[in-house]
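I opened the notebook to go through one model. My notes follow in the order I looked things up.

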Amino acid sequence: LIVSAATCSGLAGVYLEKILKGSTVSLWARNLQLSLYGAAVGLSSIAFTTPDVWRSGFFAGYSGVVWSAILNNALGGILVALAIQYADNILKNFSTSVA
């Protein structure tokens, strides 16, 4: 089971690298496209499932630890995007594990 999961992950990474490096659209434009889909799904789930957000605001209850986790994930995502653009799939996997 683990070997098949690792094989699928490796093949998906190589295919992603082939598609992104062979495309004329910039990596930043692709990131923007994907983030818009993610934002639409996230905002619709908030709007339909949690009425507390409408009362107290989206950022209610955020602490320094939460902000540091958000910053860490954002910087990790940028690191992965840069690794995909300027390096290969192996380095991307290292940067994902560090992030």
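I looked up the buried residues of helix 4 and got Gly76, Val80, Ala81, Ala83 and Ile84. Buried means under 20% relative accessible area, exposed over 50%, and partly exposed in between, with a 1.4 Å probe and protein chains only. Helices are DSSP runs of H or I with at least four residues, numbered from the N terminus. The model is predicted, with local features needing pLDDT of at least 70 and side-chain atom pairs pLDDT 80 or more, while totals for chains, interfaces and linings use all residues. Numbering runs from 1 along each chain as its sequence is written, and side-chain values use heavy atoms, without hydrogens and water.

**Helix 4**

I checked the span. Helix 4 has 23 residues and covers 33 Å from first C-alpha to last, close to the 33 Å expected at 1.5 Å a residue. The expected span is 1.5 Å times one less than the number of residues.

Next I took asparagine 73, which sits in helix 4. Asparagine 73 counts as exposed because its relative accessibility is 56%. Its C-alpha lies 21 Å from that of leucine 16, 57 residues away along the chain.

**Pocket**

What is the volume of the largest pocket? I read about 220 Å³. A pocket is an open set of points on a 1 Å grid where a 1.4 Å probe fits, with protein on both sides within 12 Å along at least five of seven lines; lining residues have an atom within 4 Å of a point. The volume is the space filled by probe spheres set on the points.

Helix 1 (2–21), helix 2 (27–49) and helix 4 (64–86) each give two or more residues to the lining. Helix 2 gives the most, six. The lining splits into seven nonpolar, three polar and one charged.

Arg30 is among the lining residues, and arginine 30 is found in helix 2. At 27% relative accessibility, arginine 30 counts as partly exposed. Arginine 30 and isoleucine 84 are 12 Å apart, C-alpha to C-alpha, and 54 residues apart in sequence.

Conventions: Ala, Val, Leu, Ile, Met, Phe, Trp, Tyr, Cys and Pro count as nonpolar, Asp, Glu, Lys and Arg as charged, and the others, Gly among them, as polar.
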